[in-house]
Amino acid sequence: MIFLKKAYNILLQNPVRNLLIYAVLLRVLVFVFYHAITIFPDTEDYVKLASFIGNLSLDNYTGERTPGFPSFIALVGQNLYITVFLQVILGIVCTYLLYDFCWMKSKNKHLAFITAFVTTSFLHVVFYEFAILTESLAYTLMVLAFWFIEKYKLLEVSASVKNLFILSLILSALYLTRPLFIYFPIGYSLYFTVKNFKVNTKAVIIKAVIILIIPVFSFYSWNSLNKRNIGYFTSSYYLGINLAQTATSFFEKAPDEHHVIRDIFVKHRRYVVENEPDYQYPMTVWYAYDELIETTQLSPPELSNQLGQISINLFKEYPGLYLKQVFISWKDFWGGTSTLLWNVDKFELKLIRKSLVGLWNYIQKPALVLINMLFLIFAFKKGIVALKRKLRVLDSDLFLVLIILSGSLAQALVAYGTNSRFCFPYFALIVYFVISNIFSFKNSKS
C-alpha cells in the first residue's frame with residue numbers, strides 16, 4: 001500500500017504528461033498484440049458512403065447512413081489504416097480533454113486524474129478506436145462538446161456568439177455522426193433558455209437559436225437529400241427497420257392488410273426463438289429481410305418505410321406493449337452486453353487473448369454496470385435536490401445528467417438490440433459524474 005501511494009503521488013506530480021504517456025502506452029500494446037482493424041457488418045455502409053463523398057457526388061446514394069463518420073474516412077482517402085490511426089490520436093486527445101474538463105469543474109487534481117485514468121483504462125474505449133464504427137468519433141465529439149461548454153461557460157447568458165457558433169458546429173457533427181444526437185442541440189437550447197430566461201430574455205432567445213441553426217440546417221439538408229434520392233425525408237432509411245425491431249415482440253398483432261409482411265416476420269421470429277441465442281431476438285427483422293425483399297418486391301427503403309409505418313401503428317394501438325419494450329431497451333442501455341466490440345481471434349498470443357477476455361468479463365464489464373447503476377442513483381439524487389430547490393439552481397452537472405438521461409430514453413423509444421452501444425459516447429461523462437459524487441460524499445464525511 002505504501003508503494004502504491006508513493007507511485008500515485010509521483011504520477012500526480014505531472015498528471016497530464018503521465019496520463020498521456022499511459023494512454024499512448026495502452027494503445028501501443030493493443031497495436032502490438034492485436035494490430036488489426038476490426039470490421040463489422042455496419043462497416044460496409046460507412047465505407048460505401050465514404051466512396052460517394054470521396055467522389056464528390058451524393059447522387060443516387062441510397063440513404064443508409066449519415067455522412068459524419070464516412071466523411072472522416074473520405075478525408076484520409078478511404079484508407080482504413082489511417083482512419084484507425086487518427087481515431088487512436090483522438091482517443092489520446094480525449095484523455096487530455098477529459099482531465100481538463102474534470103479539473104475545470106472541480107479544481108481537484110485527484111478527481112481529474114482518477115476520472116481520466118479509469119476511463120481510458122477500459123478496454124472498450126481503446127478497442128473502439130481500432131474498429132470502423134461510429135462509436136469512437138461520437139465519443140470524441142461528446143467529450144469535446146462538454147469540454148467546450150465548460151471551457152467557455154456556454155451555459156451562461158454571457159456566452160459569446162462566436163463560441164456558441166463553434167458549439168453549434170460540434171453538435172452538428174455529432175448529429176451527422178449519430179442521427180440520434182439531433183436531440184442534443186434541442187436539449188441544450190431548452191436548458192439554456194430556462195436557466196437564463198429571466199436574466200435577459202432577448203439575448204437568451206437569440207443565443208438559443210444560434211445553437212440550433214447549423215444542426216437544424218444539417219438535419220434538413222441531409223433529410224432532403226435522402227428525399228430526393230430515395231423518396232423519404234429521413235436521416236437514414238434504417239429507421240423503419242429499427243422501429244420494427246422495437247415492435248418485434250408484438251408484431252403478430254399487425255392487421256391483415258399487412259399479412260404478407262406480418263406472417264414472414266412472425267415465421268422468422270419463431271425460428272430465432274427456437275434456434276438462436278436470446279441476443280439474436282431483436283435481429284429477427286434481419287433474418288426475415290431477404291424473404292421480405294423477395295416476396296414483396298419492394299426496394300430496401302420502401303420495405304423499411306413499410307415496416308416503420310406498421311410499427312408506428314402498432315405502438316399507437318398497443319401503447320402498453322410498446323412502453324414495456326421501451327423499458328426493456330432502456331434497461332439494456334445501462335448493461336454491458338454489447339458494449340465491447342472486438343475480434344478476439346485477431347490476438348496471436350493465446351495468453352494475451354485469455355487475459356483480456358477475463359479482464360473484460362470478470363472485472364471491467366461488472367465495473368461498467370456498477371458505474372452505470374451508481375450514475376442512476378446519483379442522477380436521481382441530483383434531480384430530487386433540483387426539484388426541492390424549485391429549479392432555482394440549474395448548474396452544468398444537472399445539464400450533463402439531463403442530456404445523458406434524455407439520450408437513454410431517446411434510444412429506447414426507437415431502437416432495440418445492442419442498446420448498450422448507445423451508452424458508450426456518454427461513458428467518460430458518466431465516470432466523471434460518479435467519481436465526483438463519490439468525492440463529494442467522502443468529503444462530507446470527513
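1. Helices here are DSSP runs of at least four residues, numbered from the N terminus. The model is predicted.

2. Start with helix H6, residues 109-121. Phenylalanine 113 and phenylalanine 117 lie 4 residues apart in this helix, so about one helical turn separates them. Their ring centres are 5.9 Å apart and their planes meet at 15 degrees. Planes under 30 degrees apart count as stacked, so this pair is stacked.

3. The two residues of that pair differ in cover. Phenylalanine 113 has 4% relative accessibility and counts as buried. Phenylalanine 117, with a relative accessible area of 31%, is partly exposed.

4. Across the whole structure, a search finds 43 aromatic pairs. One of them joins tyrosine 46 and phenylalanine 69: centres 5.4 Å apart, planes at 80 degrees, so edge-to-face. This pair links distant parts of the chain. Tyrosine 46 is in helix H3 (residues 43-54) and phenylalanine 69 in helix H4 (residues 68-75), 23 residues apart. Both tyrosine 46 and phenylalanine 69 are buried.

5. A charge also meets a ring. The charged end of lysine 253 sits over the ring of tyrosine 318, at 5.4 Å from the ring centre.

6. Phenylalanine 31 belongs to helix H2, residues 15-33. At 54% relative accessibility, phenylalanine 31 counts as exposed, since the cut-off for exposed is over 50%.

Conventions: Residues are numbered from 1 along each chain as its sequence is written. This is a predicted model: local features need pLDDT of at least 70, side-chain atom pairs count only at pLDDT 80 or more; totals for chains, interfaces and linings use all residues. Side-chain values use heavy atoms; hydrogens and water are left out. Rings of Phe, Tyr and Trp (its six-membered ring) pair if their centres lie within 6.5 Å; planes under 30 degrees apart count as stacked, over 60 as edge-to-face and the rest as tilted. Helices (H or I, at least four residues) and strands (E, at least two) are DSSP runs, numbered from the N terminus. Buried means under 20% relative accessible area, exposed over 50%, partly exposed in between (1.4 Å probe, protein chains only). A charge sits over a ring if NZ of Lys or CZ of Arg is within 6 Å of the ring centre and within 35 degrees of the ring normal.
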